[in-house]
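User: I would like a close look at a single part of this model. Please treat it in one connected account.

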Amino acid sequence: MVVIRVFNGPNLNLLGQREPAQYGQRSLQAIMQELEQFADSCGVELDHLQTNSEGALVDAIQQAGEDEVDYIIINPAGYTHTSVAIRDALLAVEIPFVEVHLSAVSAREPFRQITYFSDIAIGVISGFRGESYLLALQAILNRIEP
Ligand code: DQA
């Protein structure tokens, strides 16, 4: 069975309350529940982790390597624009990953247009609010079963 792990970075636990014009009205819990249901219906094993800590994300990515996870979907949130450590962890485990953003980062402030992940991701999905995660999963499924 294909195993997919989803990682969400800092402040995404506040989705629904946090800047709804950028990130939408839905909670992370609701978005992840819908994603898990979609994965279930496709026969894929999917679990997720949200953390506000950079080190915890690095540890979790290393663990995904040990667990032989097939694909990662990651929204590094604010760490997208700063974290060499998370980038290095993804390079180290060599797990193909999709970079996801709820907001259209390329249409926002200049500093958000720098990402430490896009050039090593299999693809980037940005701007579709909570649906970005579903699109990322669909893209992975399309790769598995063309
Ligand atoms: C975000 C975009 C980032 O720039 C921001 O720091 C976030 C969320 C997004 O999903 O749109 O926290 O990754």
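What is the volume of the largest pocket? Please also describe the residues that line the largest pocket and those around the ligand.

Analyst: The model is a predicted one, and its largest pocket has a volume of about 160 Å³. Sixteen residues form the lining, and those closest to the centre of the pocket are Arg18, Tyr23, Ala77, Gly78 and Arg112. Sorted by class, the lining of this pocket comprises six nonpolar, seven polar and three charged residues.

The surroundings of the ligand can be described next. Around the ligand are Arg18, Tyr23, Asn75, Ala77, Gly78, His81, His101, Leu102, Ser103, Val105 and Arg112.

For Ser103, a polar side-chain atom is 2.5 Å from a ligand oxygen. In His101, a side-chain N or O atom lies 2.8 Å from an oxygen atom of the ligand. Gly78 contributes through its backbone, where an N or O atom is 3.3 Å from a ligand oxygen. On its own, the ligand has 320 Å² of accessible area, of which the protein covers 97%.

Glu19, which lies in the loop between strand S1 (3-8) and helix H1 (20-23), has a positive phi of about 35 degrees although it is not a glycine. Most residues other than glycine have a negative phi. Glu19 counts as partly exposed because its relative accessibility is 42%.

Key. Residues numbered from 1 in each chain as written. Predicted model: local features only at pLDDT ≥ 70, side-chain atom pairs only at ≥ 80, totals over all residues. Heavy atoms only, no water. Helix = DSSP H or I, 4+ residues; strand = E, 2+ residues; numbered from the N terminus. Buried < 20%, exposed > 50% of the residue type's maximum accessible area, 1.4 Å probe, protein only. 1 Å grid on protein atoms, 1.4 Å probe; cavity = no way out; pocket = protein on both sides within 12 Å on 5 of 7 lines; lining within 4 Å. Points joined across faces, edges and corners; volume = space filled by probe spheres on them. Nonpolar A, V, L, I, M, F, W, Y, C, P; charged D, E, K, R; others polar. Near = heavy atom within 4 Å. Polar contact = N/O pair within 3.5 Å; in protein donor to acceptor, adjacent residues only side chain to side chain. Areas by Shrake-Rupley, 256 points an atom, 1.4 Å probe, with all protein chains shown as cover.
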